[in-house]
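Subject: Structure for you to look at

Hello,

Here is the structure I said I would pass on. Please open it alongside this email, and my notes come after it.

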Amino acid sequence: MRFSKKRMMWDRNGGIEGLPLQLMIMVIVAGLGTAVPVGWMGGLSAPEAIASVNAHPNEVLLTDDDSDGTYDNDGITLTIIVRDQNGDAVQGASVVLDGCNICNADGSLVYGTTGSDGRVTFSGLSASHYGSGISFITVTVAKGGMGTDSSFQVPVICR
C-alpha cells in the first residue's frame, strides 16, 4: 500500500488520539479566539471619573431684611471639593455655579478651576431668590477624560 499526500489532506477521519482533525482545529481556534480578548480585557482598568462633589459650607442662607419678598445675601464664600473614584483630589476640573441668581460681585458668572487639593473657593458672591422656602445652587464639574457631573446641589434656605 502506497502512502499518498493527497489522501492524507482529505482524510476526515485522521486526527490526534482518536479525535477528528477538524475538531482539533476548532478547539485550537476557539481557545486562541477566547484567550486574546480575555487577556486584553484583563489589562484594562476602570476609567477615571468624578465620583464626589461637596461644598463647604453645605448650605447658603438668604434673608429678607427689607420684607419685600426677595431674599438675598452678599459676601458669600463657598468652597467646592472634587474627588475621583479612589478618593483622590481632582486637579484642573472646571467648576460652574448656577441658580438663585448667584454671581460674582461684578455680576459675572461664577466659575473656577480646582487646585492640586481638588478645591476651588469662591468669595464675595451674591445670591437672591424671590419667595421663602428652599432653593438650590447647581454645581457643575467637568474635566477632560473624566466627564461632567451636575448632580450636586447646594441648598439655599430663605429665612
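Predicted model: local features only at pLDDT ≥ 70, side-chain atom pairs only at ≥ 80, totals over all residues.

The protein chain contains two helices and ten strands, and along the sequence they come in the pattern α-β-β-α-β-β-β-β-β-β-β-β. The chain has 159 residues, of which 27% count as buried. Its accessible surface is about 10500 Å², with 56% of that belonging to carbon and sulfur atoms. If you take contacts between residues at least 6 apart in sequence, 63% of them join residues at least 24 apart.

Five of the strands form an open sheet with mixed pairing, in the order β4-β10-β9-β6-β7. At the edges are β4 and β7 (110-113), each of which pairs on one side only. On average, neighbouring strands in this sheet are turned by 25° against each other, direction ignored. Within the sheet, β9 and β10 pair in the antiparallel sense over ten bridges. Val 141 has Asp 149 in β10 as its bridge partner.

The largest nonpolar core has 28 residues, and Ile 80, Val 95 and Leu 97 have the most contacts inside it. Elements giving two or more residues to this core include β5 (70-84), β6 (94-98) and β9 (133-143). The largest share, five residues, comes from β5.

Leaving aside neighbours within four places in sequence, its contacts include Leu 78, Ile 80, Phe 122, Leu 125, Ile 137 and Val 139.

Regards

Key: Residues numbered from 1 in each chain as written. Heavy atoms only, no water. Core = buried A, V, L, I, M, F, W, Y, C linked by side-chain atoms within 4.5 Å. Buried < 20%, exposed > 50% of the residue type's maximum accessible area, 1.4 Å probe, protein only. Helix = DSSP H or I, 4+ residues; strand = E, 2+ residues; numbered from the N terminus. Contact = heavy atoms within 4.5 Å. Pairing = 2+ DSSP bridges. Axes fitted to C-alpha atoms, helices over the stretch in contact; angles between N-to-C directions. Areas by Shrake-Rupley, 256 points an atom, 1.4 Å probe, with all protein chains shown as cover.
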